[in-house]
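Have the structure open as you read.

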Amino acid sequence: MSRPARIGREQARRVLAASDSLYDLGVAVGSLADDPETQPEDLLPALRKPAVIADIAAIALHRKTGWPCDPRGKPVVSHDYWRAVLDYCASQSLRGKAERQSDVSPPEQTELNQRLAGALEKLDPLDRYMIIAPKTISSDEVAAQMGLSPSEARRRYRHVLFLLWQDLWRSWAETEPAGAIAAQTDRAVPSRRR
Amino acid sequence: MLLGIVTVDGRIWLREASAAECPGHQEWLQQETGLDVMGAFSLAVAKGRVDYLFRKSSLNAEARDFLLDADLAHEVASCLPCADGLVFFGD
């Protein structure tokens, strides 16, 4: 009859994958958060649950990985993320724009980082972690937690980069002189705007 | 699951966590301004008894590891109908 007890890691993982009960999810995420053996990927599915669950998971992830503790808060833009955006731009024949970004002065880089942080804030929490923690957990591993195949994982990763790039470009368009934007439009506009 | 907030005047506020209406503490504070928060916690409740108390909350940003103070957590529990063997997550 006495229910209170922490549950084991494997059981907690199964609960996070299958249950919709906030009670069960709470016991699972609380048990995982307190277990020193818990790996970051064990907690990732909890980020998709209601905030009362996601908060606990995010704080535990923050302790284990140093990632931002609030999945809805302002994220930290890492160097890896910056490189990923530039690589994506290059792969999409947006090299001119990418080179222009990498050639900016430090004050401009600060502004760019702020814009990137703004774009990241709009992402789904799990997508955001997939982008900003590429060295800690691969995009394939994260996407596997989302039930995607490796190829789907790569597509998702690129799609998220695309969304970020698109959002960044739009924020640029709001502040750049009209002439400068018109000159860049052919290369820089995401395909769906053509 | 219940969301809990302790305000600086010593009051304990509880509200049901609901995916649709109030999924977390932050959303609660957006809906109800004016709560002078000292700490936050959550509860898992079954059959009228508190089975688990969660000390972690992003509202405890000033505290070590985002944990509600242990003494305060036990004080909160003493005011509630708790199950035998109540578990404090975060201890």
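## A strand and its partners

In which sense do strand β1 and β3 of chain B pair, and over how many bridges? Keep in mind that this is a predicted model. β1(B), residues 2–7, and β3(B) run antiparallel, with six bridges between them. To spot the pairing, find G4(B), which stands opposite F41(B) in β3(B).

β3(B) also pairs with β4(B), again in the antiparallel sense, this time over five bridges. Here A46(B) is the residue facing R49(B) of β4(B). The hairpin these two strands make has two residues between the strands, and K47(B) takes a positive phi near 50° there.

So how enclosed is β3(B)? Seven of its ten residues are buried, which means the rest of the structure largely encloses β3(B).

## Where the chains meet

Now for the contact between chains: 30 residues of chain B touch 25 residues of chain A. The size of an interface is often given as the accessible area lost when the parts come together. For chain B and chain A that comes to about 2,200 Å², with 66% of it on carbon and sulfur atoms.

There is one salt bridge between the two chains. It joins D34(A) to K56(B), whose closest N and O atoms are 3.7 Å apart. Six residue pairs are also found in polar contact across the interface.

On chain B's side, α1, β3, β4 and β5 each supply at least two residues. β5(B) gives the largest share, seven residues. By type, that side of chain B splits into 16 nonpolar, seven polar and seven charged residues.

How values were computed
Residues numbered from 1 in each chain as written. Chains lettered and ligands numbered in written order. Predicted model: local features only at pLDDT ≥ 70, side-chain atom pairs only at ≥ 80, totals over all residues. Heavy atoms only, no water. Contact = heavy atoms within 4.5 Å. Buried area = accessible area lost by both parts, 1.4 Å probe. Salt bridge = Lys/Arg side-chain N within 4 Å of Asp/Glu carboxyl O. Polar contact = N/O pair within 3.5 Å; in protein donor to acceptor, adjacent residues only side chain to side chain. Helix = DSSP H or I, 4+ residues; strand = E, 2+ residues; numbered from the N terminus. Nonpolar A, V, L, I, M, F, W, Y, C, P; charged D, E, K, R; others polar. Buried < 20%, exposed > 50% of the residue type's maximum accessible area, 1.4 Å probe, protein only. Pairing = 2+ DSSP bridges.
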